[in-house]
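I'd like to walk you through a model I've been looking at, so let me put it on the screen.

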Amino acid sequence: MGILLASEERVRPLTEGPITVATLCSHSSLQIFHGVKAEGLPTLGIARGAPPRYYQAFPLACPEEFLSVPTLAEIGTLLPRLKETHSVLVPHGSFVEYLGATEFAALDVPVFGNRNVLAWESDRRKEREWLDGAGVPMPRRYEEIDEVDGPVIVKYYGAKGGKGFVLAKNRLALKDFHPTGPYVIQEYVLGTRYYVHFFYSPLSETGYRVGSGSLELLGMDRRDEANIDELYKLGAQEEILRAGIRPTFVVTGNVPVVLRESLLPQVFDIGARIVERSLELFGGMVGPFCVEGIVTEELEFKVFEISSRIVAGTNLFPSGSAYSDMVAPRLSMGRRIALELKAAQRTGRLREVLS
Ligand code: ATP
């Protein structure tokens, strides 16, 4: 399969005049709008209910226009205005989660990046097939509880934010585990977490070459996760469980991090493999994606998840990061998206970055 190509009808209206960048007001929208406005493109915020009041506090990130719907299920009513304004939708975690990956993929509006990727990342088994096929190092996966021979994390499908995950330090600790839905059992990797923000450009002709484009590293963060990140203050696991507290991984914020430089070859190799396999499997990934992994004390980067769209950790870097500063000055992920759209429009290659 080749690179993704959006249909002629979707792209034709965008070939002349400015493209409006639209997204749901949530998650990473402020940062997206901030970067897009810096590049001089119009912006449009989709709000559930009234436009969020906190936007008034950030004039440089406030879109020129808001469209409101009572619930996202009614987003169809906004399509005429989205088309009239030549809008391109930027998918982010909350947009896809609140609307549903299937519903998002069915929207009759141009989407930045490959909308087919959403089906691959939202299904844990499909995601595994993709990453395994790419030869990416991952935590060991146990098919049966009987095989478990070390600490594990049990993940339910679609358990966004790690809600309901079960941690067990050995097989015995799983004896009272009664699943409430489909799940996977993964080796619990002991190490340090890194969330690596990549951007894949099929248009770029310089840089770290992958496929017919290039892979850019624009930032890195670590997530603050309630309540697991602070549980250590309460002492050992058994006591915590006896106290009736279950560990959760609900993200409450993000902190910037950098990797030791000697680990960069590993993460670039992982990013490149993921992109190359996506080209073979479903026409490729375009734009932002995040490789989420844990570095062990043997300095091996094990990938437990990928997000194939912009992640909220990029919000740390509206004026650039320790990495993006070495690509271009003041380069945020939002600005990078706008630059790619402008380059695609200028060179008549919009079909390669839209779906
Ligand atoms: P989200 O959708 O918010 O990314 P999710 O429900 O898909 O979350 P994961 O991202 O797979 O869940 O995992 C949530 C958190 O659990 C991670 O951020 C990490 O802290 C921890 N975690 C996941 N897998 C492992 C693992 N194999 N070993 C150790 N910790 C892990």
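Let's start with a pair of tyrosines: Tyr 156 has Tyr 183 in S8 as its bridge partner. Lys 155, in turn, is bridged to Val 184 of S8. These belong to a set of five bridges between strand S6 (residues 152–156) and strand S8 (residues 183–187), and the two strands run antiparallel. A word on terms: helices (H or I, at least four residues) and strands (E, at least two) are DSSP runs, numbered from the N terminus. Two strands count as paired if DSSP finds at least two bridges between them.

Before I go further, this is a predicted model: local features need pLDDT of at least 70, side-chain atom pairs count only at pLDDT 80 or more, and totals for chains, interfaces and linings use all residues. Residues are numbered from 1 along each chain as its sequence is written, and side-chain values use heavy atoms, with hydrogens and water left out.

What does S8 pair with besides S6? S5 pairs with S8 over two bridges, again in the antiparallel sense, and Arg 141 stands opposite Gln 186 in S8. Put together, we get an open sheet of four strands in the order S5-S8-S6-S7, with antiparallel pairing. At its edges are strand S5 (141–142) and strand S7 (166–168), each pairing on one side only.

Is S8 enclosed or open? Four of its five residues are buried, so S8 is largely enclosed by the rest of the structure. Buried here means under 20% relative accessible area, exposed means over 50%, and partly exposed is in between (1.4 Å probe, protein chains only).

Now over to helix H2 (29–38) and the loop that leads from strand S1 (20–24) to it, where Ser 28 is found. Ser 28 has 1% relative accessibility, so it counts as buried. Which residues does Ser 28 touch, leaving aside neighbours within four places in sequence? The contacts (heavy atoms within 4.5 Å) are His 92, Ile 310, Val 311, Ala 312, Thr 314 and Asn 315.

In H2 itself, the buried residues are Ser 29, Gln 31, Ile 32, Phe 33, Gly 35 and Val 36. Their cover includes S1, strand S2 (43–48) and helix H11 (333–346). Just after H2, Gly 40 takes a positive phi of about 80 degrees.

For contrast, look at Arg 12, in the loop between helix H1 (8–11) and S1. Its relative accessibility is 52%, so Arg 12 counts as exposed. The C-alpha atoms of Arg 12 and Leu 350 are separated by 9.2 Å, although these residues are 338 apart along the chain.

Finally, let's zoom out. The chain has 11 helices and 14 strands. Its radius of gyration is 21 Å, close to the 20 Å that the globule rule gives for 355 residues, so the chain is as compact as a globular protein of that length. That radius is taken over C-alpha atoms, and the rule is 2.2 Å times the number of residues to the power 0.38. Along its principal axes the C-alpha trace spans about 65 × 45 × 35 Å. Buried residues account for 53% of the 355 residues. Among contacts between residues at least 6 apart in sequence, 65% join residues at least 24 apart.
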